[in-house]
Amino acid sequence: MLPTPDTSHVPYQRVYEPAEDSFLLLDTLSSPSETAFLTSRFGNNINTTISTSSQPPPPPPPLILEVGPGSGVVIAFLTAHAQTILGTPHVLACGVDVNRFACAATAKTAARAIAEAKDDASSSSSSSSPGAGFFLDAVQGDLVAPVRAGMIDVLVFNPPYVPTAELPAQPQPESEAEQQQQQQRGTVVRGGRDGMETTDRLIAALPTALSERGCAYVLLCAQNKPEEVKEQIRAMGGGGGGGGGRWKAETVGTSGKQAGWEKLQIVRIWRDYDGVAADTTGS
Amino acid sequence: MKVLTLNFLTCAVKDCKSSNNSFPLHPKDAELVYDDLEINPQLLVNVLPRVDWVALRTTSTELGFPELPEQPPTVEELESDEKMLQDLHKLLMETQIMEGKLVCGNCGHEYAIREGIANFLLPSHLV
Ligand SMILES: [Zn+2]
């Protein structure tokens, strides 16, 4: 079990408190199937000093981004345990949240979790190198709008709707403009088809936002009709720099077993290149 | 906000996505602070291939740093040049824009940075 980041500093009257949905993400992202998947895409077995020039260069560090990190517990967990989960400590992490307080909370949660991971590594007698990645920033924004196309290697999205009737209090707006923005987004959170409006927009942005090796983890609940959502994703086209690849969407990890909640599940979305070359040669 | 982060961001306005002028965003009235972070040479060496060097040169100059070379250093150059490693570490990882604005070169929109957090939310007429 990897330690859960400390979020005791987070002002919960202004920022979503971590709940079952967050913990399901932590469990799933650190489950054997997902660490194997992520390590196969991004891991590079760094355990020596600077590589010598005779070796092939390691894959460039993945950019991992959480949309709507809230307290920051999930992105902090991924960053602090980068070596274990992604197979490399060379990970760049960031967050985008509409809520300014969530941005501040996320940066602090990540900094604390990374410091703790480094302490643990240095206090253990083993020769294990610190396995924490590098946290860049959390910026205020709408989904992936501020991020350059094709940059995101791992995207995590826990949508702002919750499958209970209770909604967290909206943070206090600081200006009229922010108040307007929050009102706009408030209607999105509360209404819309199956509570899917925001998630639909995010999924539609994936072919442009993700890198060729990129993948996304999106949390859905039963009322989102996850089987239909997955079928839609598999039918997506576009993106990928013309490199082909089929869109895949599968429920992963320990999804769907949360007692007392409407069933939650995490869907992994990625491009699969297996068989693409064979298809193009007309086999 | 770190200079390295700026290298991954662009204008949030949809019509600006296809314009070369929307990246990099241009810092304006930037107040900088410098974090004291342990240098990680391996991470720097690995990060460099995914940094847009032309954009970084622009940002670096606009923030008042000495001009960067036209070409990014090779792995061998970095490994043998302690000062270049230190300089890049300071620029990419340690330098933070705490207050100021980021201006889009295409539409002119200004994104505010306050207390180190950039705000990319758009007013409703630009959404
Ligand atoms: Zn613009």
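Begin by selecting chain A and chain B together: 40 residues of chain A are in contact with 36 residues of chain B, contact meaning heavy atoms within 4.5 Å. This is a predicted model, in which local features need pLDDT of at least 70, side-chain atom pairs count only at pLDDT 80 or more, and totals for chains, interfaces and linings use all residues. Residues are numbered from 1 along each chain as its sequence is written, chains are lettered from A and ligands numbered from 1 in the order in which they are written, and side-chain values use heavy atoms, with hydrogens and water left out.

Next, select A:Arg100 and B:Glu115. These residues form a salt bridge, with their closest N and O atoms 3.5 Å apart; the term denotes a side-chain nitrogen of Lys or Arg within 4 Å of a carboxyl oxygen of Asp or Glu. Between chain A and chain B there are 3 salt bridges.

Now colour α5 (100-123), β3 (134-140) and α6 (176-190) of chain A, each of which supplies at least two residues of the side that touches chain B. Helices (H or I, at least four residues) and strands (E, at least two) are DSSP runs, numbered from the N terminus. The element giving the most to this side is β3(A), with 7 residues.

Finally, select the zinc ion. Its donors (N, O and S atoms within 2.8 Å of the metal, or 3.2 Å for Na, K and Ca; water is not among the atoms, so sites may look incomplete) are the SG atoms of B:Cys11, B:Cys16, B:Cys104 and B:Cys107, at 2.3 to 2.4 Å. The arrangement is tetrahedral (four donors, all angles between 85 and 135 degrees), because the 4 donor atoms subtend angles of 104 to 114°.

Methods: Four donors count as tetrahedral if all angles lie between 85 and 135 degrees; four count as square planar and six as octahedral if opposite donors are over 155 degrees apart and all others between 65 and 115; anything else is irregular.
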